[in-house]
Amino acid sequence: MGLNGRQIIVAGGGIGGLAAALALRQRGAEVRVLEQAGAITEVGAGIQVSPNGLRVIEALGLGDALRARSCRARAVSLRDYRAGAEVTRLDLDRLPASQGYYFVHRADLIELLAEAARAAGVTIRLLQKVTGVTPGTRPELSLANGDTVNADLVIGADGLHSVIRGALSGDAAPFFTRQVAWRAVIPNLTGHPPEAQVHMGPGQHLVSYPLRDGSQVNLVAAQERDAWAEEGWAHEDAPANLRAAFADFGGDVPVMLNAVERVGLWGLFRHPVARAWHGEGLALLGDAAHPTLPFMAQGANMALEDAWSLAALLDAGPDLGAALHRYQERRRPRCERIVAAANGNAWKYHLRNPLVRGAAHLGLGLAGRLAPDRLIHQFDWIYGHDVTTMAG
C-alpha cells in the first residue's frame, strides 16, 4: 500500500499526534514523533470521548483499554445556576448501543496512546522543539537544539501555535472572545453521577463530570469578561478567584469549588480554520488545522478523526499529493461546521435576562419531557459520523 516504508515525522505528541503516529505505523510507515516537552504526559484535565472519537480508539485496537481507564457517560444534565435544579436532561443511553460516550482524564488517554505507539515501533523523541520548517519532497525541520531532521512527510500536530501551520498559511490572527475558562480536577465529594452537569448562569456556566473510577471530578468554568487572559493551558490562577466568580451558584457547585486546590485559567480565543491543510511534504491535523472553543467538547474527537482519515487516505495509494488533497477536501467542511457550532453554543448557557432565561429553560424542559429522542438526536451529525468506514 501507499505507506510501506514511508518515513513520516509527526510534530507534537498530543492526542492527535500520537493517534496519527499509531495509525500510520500500523499501516507500515516508519514514524517519529517529536515532542517539545520532557515527557509524554498531560495533567490536570478531563476530556469527553464521544462516539465519533471512540470509533477511532476502537479501530486502533484500544477500546477495551480506554474503557478500563474511563467513566462511561450516561447523560448530559442542564441545570439552573441558583439551586442546581435540573432544567432538562439528554439521556445518552438513548443513543444506539454502538455509540458509547466516555469521560477520560487527558493524561490517561495520552499515556494509553503513547504506550501503544511505542509498542508498535513508533520512535518518540522528547525535548525536540520545532522552530522552523522547509517544505519540499523531503521537508526539513529545524529544532531548537540546532539539529535538522527530514522525512517524506511532516505532519503538524503541534497545536494552537503550530510552526507547521505558520509555514502553510497566512491566516488572520486569533481574537479574544471576551471569555475565559478555568479548569481543575477535584475529589468527588458530592457523589457526582456519571453524567456531565452544565450549571447555567448569567454570563457564565460551569461543567462538571467524573473521571477514572468516579473518584475525581473534572471542572471547566467559563465566564464572559472584558479582562484579557493569556491563551494556553499552563497558566495558574488562585482558587479564590474562581470561587468568587461563581459565588452566586448553588446546588453542589459551592462544595465542588471549595475542593479546588489548583486551577488553570486561560483566555478563549477564536481562530480561523486553516485555509491550507497541506503543502509540499506537509500536513496539519487537530488544533493546528482547526482550533475550536470548548463548547461542543469536540477538540480531541476531531483530532482523532483527522488522525485516522489522514492515515487511511495516505495508505490508499502512492500519490502523496493526491492523498493530502483528499484529506483536506473531506475533513475541512466537517471541522468547519463543528467549530462554528462551538462558536455559537456558549450564549445558550449564558442568558442574562431573567425573563428570557426562564422562557428558554421552560422550553428546554418541555422538549426534554415531550421529545427526549429529538433532543439527543440533534447531535447525530456529530456522534453518528464514522470516519473509520469512510476515510473522512
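Residues are numbered from 1 along each chain as its sequence is written, and side-chain values use heavy atoms, without hydrogens or water. Because the model is predicted, local features need pLDDT of at least 70 and side-chain atom pairs count only at pLDDT 80 or more, whereas totals for chains, interfaces and linings use all residues.

Helices are DSSP runs (H or I, at least four residues) numbered from the N terminus. H8 (residues 299–315) packs on H9 (residues 320–343) at about 160°, the axes lying 9 Å apart; H8 is therefore roughly antiparallel to H9 (angles over 145 degrees). The crossing is right-handed, the near helix being turned clockwise from the far one by less than a right angle. Residues in contact (heavy atoms within 4.5 Å) include Met-302 and Leu-313 of H8 and Tyr-327 and Cys-335 of H9. The contact comprises 11 nonpolar, 1 polar and 6 charged residues, with Asp, Glu, Lys and Arg counted as charged and Gly among the polar.

H1 (residues 15–26) packs with H8 at about 25°, with axes 8 Å apart, and is thus roughly parallel to H8 (under 35 degrees). This crossing is also right-handed. Ile-15, Gly-16, Ala-19, Ala-20, Ala-23 and Leu-24 of H1 meet H8 residues including Ala-300 and Leu-314. The contact holds 11 nonpolar residues, 1 polar and no charged.

The count of disulfides (cysteine sulfur atoms within 2.5 Å) is 0.

Key
Axes fitted to C-alpha atoms, helices over the stretch in contact; angles between N-to-C directions. Helix = DSSP H or I, 4+ residues; strand = E, 2+ residues; numbered from the N terminus. Parallel < 35°, antiparallel > 145°, perpendicular 65-115°, else oblique.
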